[in-house]
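Please read the following note alongside the sequence and the model. The points are numbered so that each may be checked in turn.

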Amino acid sequence: MNSILLGLCLALIILPVNITLTMISFRHDPKAVFLFIGGAMFFNLVAAGSYTFIIASRASNLKEFAIGIGLSLVSTMLCKVIMAMRNLHTNDQIKELKKLKADIQKLQKTL
């Protein structure tokens, strides 16, 4: 059980960096979001490799440790992609609301 927790601790390192990169990408062009996601995924792989190299000697069961590492990587990548997709959907809604507001103001001026 301790080995799987050691593997899951990788998410504590990766998740704040992924959230920060994803939030920074929201301030840029929507096309840049995918560049930030790619950079965050590269960071995930480098961080996971370094973490595995350093911590693997402390894990008593390498199979559980590998499962924990895999769960950490998958969950953080899914979280990052869900955040990006949610933001793109929100941007579309904001554009639609601005368009509706302009239509309402146009109608108010004609009345």
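1. A helix is here a DSSP run of H or I with at least four residues, and helices are numbered from the N terminus. With this term in hand, it should be kept in mind that the model is predicted.

2. On that basis, the protein has 4 helices and 0 strands. Read from the N terminus on, its elements follow the order α-α-α-α. The radius of gyration of the protein is 21 Å, well over the 13 Å given by the globule rule for 111 residues, so the protein is more spread out than a compact globule.

3. Taken along the principal axes, the box filled by the C-alpha atoms of the protein is roughly 75 × 25 × 15 Å.

4. Which residues form the nonpolar patch on the surface? They are Leu5, Leu8, Ile67 and Leu71, and together they have about 330 Å² of accessible area. At least two residues of this patch are supplied by helix H1 (2-8), and at least two by helix H4 (62-110).

5. Leucine 71 deserves a separate remark. This residue lies in helix H4. Leucine 71 has a relative accessible area of 46%, and is therefore partly exposed.

6. For the protein as a whole, the accessible surface comes to about 7800 Å², and carbon and sulfur atoms account for 71% of this surface. Of the 111 residues, 27% count as buried.

7. The final point concerns contacts. Among contacts in the protein with a separation of 6 or more, 81% are between residues 24 or more positions apart.

Technical notes: Residues numbered from 1 in each chain as written. Predicted model: local features only at pLDDT ≥ 70, side-chain atom pairs only at ≥ 80, totals over all residues. Heavy atoms only, no water. Patch = residues over 30% accessible without salt bridge, like charges linked within 9 Å, V, L, I, M, F, W, Y side chains within 5 Å. Areas by Shrake-Rupley, 256 points an atom, 1.4 Å probe, with all protein chains shown as cover. Salt bridge = Lys/Arg side-chain N within 4 Å of Asp/Glu carboxyl O. Buried < 20%, exposed > 50% of the residue type's maximum accessible area, 1.4 Å probe, protein only. Rg over C-alpha atoms; globule rule 2.2 N^0.38 Å. Contact = heavy atoms within 4.5 Å.
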